[in-house]
2 protein chains.
Amino acid sequence: MTDGTLYGVGLGPGDPELVTLKAARLIAAAPVVAYPALAGADSFARSIAAGLIAPGTREIAMEIPMSTERVPAQAAYDRGAGDIAAALTAGDNVVCLCEGDPFFYGSFMYLYARLADRFAVEVVPGVTSLTACAARAGRPLAARNERVTVLPAPLPDHVLAERIAGADGVAVMKLGRHMGRVRAVIDSLGLTARATYVERATLDNEVLCPLAEAPDVAPYFSMILITKGADPWL
Amino acid sequence: MTDGTLYGVGLGPGDPELVTLKAARLIAAAPVVAYPALAGADSFARSIAAGLIAPGTREIAMEIPMSTERVPAQAAYDRGAGDIAAALTAGDNVVCLCEGDPFFYGSFMYLYARLADRFAVEVVPGVTSLTACAARAGRPLAARNERVTVLPAPLPDHVLAERIAGADGVAVMKLGRHMGRVRAVIDSLGLTARATYVERATLDNEVLCPLAEAPDVAPYFSMILITKGADPWL
């Protein structure tokens, strides 16, 4: 029997209509879907794709422990990869549901690293939160020869400051409890007036405001956009 | 009569199946579509959406002169914005077709700058060439707290070198005649072995190879990806 193919499918930032036609087709036809779920919570990826999963589809939920330690999560991906490998070996295709894009700060790469040497794997790119936030904020990220930088908020202050200063369009992701610290860095660079805060972009409970009016504590799915761009008239 | 709404709709990197469900719905229902076309050539954006445009849809083709001078293109966007404004004022919605994502090195921002103060404008994000190239190359762009930087190739050598050295995942876009120069910069940083060349990602004539084997002259729709990332096992 021929092994199945593993598809890592980007689902976009949250609005189910921002799924691609290819992702929708693959999910609807999948005998097996797999997805990560933070322990004790519903899977965000599954919620985006819920309307596309056919009745009777087998589901592999990978419960990822809430921890900054790597070992417990590593074990969870080991188990998930084992379950997926068993389905592939039985000849079934498996569609792994991924928030945003599978290879842009996504967890799919941990499955890819475990399975791509043994099975056919296709990665289907998705809309990232990066451009979704820019679209919602009405702030073009980059034009012409501008430099774009994406920075996770847990980076040290001096790294954030240096990278923000040297770019034209900036996104700071994964704000969470780092919000106050990131805000201070941006303020020290004199860029607060050019910064927009976006939370849960494209979802019903989206929040969008100038950074100066943003809350002191942000959820994980939040971003600060800074655009220094010149005149966009051309 | 109520004015129509202008939609700036990202179409993804080229594969028509990487259009989002929302973009497909808006295009199919549009009384008017608008798109840029480089003078004398077919519109790449229109070619991606061709199968979605209903018969009888009115088309506004904005012919953009091939030039590095800004003034002629600025005049073309002035004319295009005028045509679109007339359709909106007549009550029609207008869907502007955009390669990739409208706010990520896209030309839609020039229309946005001209029209967003007078008309309702909605930007619909699309899959960028950034993550499409990473997907096709099988190279995760960034994990955890890694820094991602996107750089247009025309930037000076020292800017490219400094920004590449300070990032974990790098994309160099718009290679064209800058290919040799960019390759030398990457080589001087000792990163050639970590660099992948991708041309026309997701299209039938896609090219994908290690940078060391890439051609000396690249088309505009090409990219070099550099991933320095650590162990992706977790």
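In chain A, residue A:His178 lies in the loop that joins β7 (169–173) to α7 (179–188); helices (H or I, at least four residues) and strands (E, at least two) are DSSP runs, numbered from the N terminus. The model is a predicted one, in which local features need pLDDT of at least 70 and side-chain atom pairs count only at pLDDT 80 or more, while totals for chains, interfaces and linings use all residues. Residues are numbered from 1 along each chain as its sequence is written, and chains are lettered from A and ligands numbered from 1 in the order in which they are written.

A:His178 counts as partly exposed because it has 19 C-beta neighbours inside 10 Å. A residue is buried if 20 or more other C-beta atoms, placed from the backbone, lie within 10 Å of its own, exposed if 12 or fewer, and partly exposed in between. Apart from neighbours within four places in sequence, A:His178 is in contact with A:Ala153 and A:Pro154, contact being defined by C-beta atoms, placed from the backbone, that lie within 7 Å.

Helix α1 (residues 21–29) of chain A has buried residues at A:Lys22, A:Ala23, A:Ala24, A:Leu26 and A:Ile27. Their cover includes β1 (6–10), β2 (32–38), α2 (44–49), β4 (94–98) and β5 (121–124) of chain A, together with α1 (21–29) of chain B.

The contact between the chains takes 51 residues from chain B and 51 residues from chain A. On the side of chain B that touches chain A, α1, α3, α4, β5 (121–124), α5 (129–137) and β6 (148–152) each supply at least two residues. The largest share, five residues, comes from β6(B).

Chain B is superposed on chain A by a rotation of 180° with 0.0 Å of shift along its axis (RMSD 0.0 Å), by least squares on the C-alpha atoms of residues with pLDDT of at least 70 in both. The two copies are therefore related as by a two-fold rotation axis. The same surface serves both, as 100% of the contact residues of chain B recur in chain A.

Within chain B, helix α3 (residues 70–89) and helix α4 (residues 108–115) pack at an angle of about 60°, their axes 10 Å apart. Axes are lines fitted to C-alpha atoms, for helices over the stretch in contact, and angles run from 0 to 180 degrees between N-to-C directions. That angle makes α3(B) oblique to α4(B); angles under 35 degrees count as roughly parallel, over 145 as roughly antiparallel, 65 to 115 as roughly perpendicular and the rest as oblique.

Conventions
Contact = placed C-beta atoms within 7 Å.
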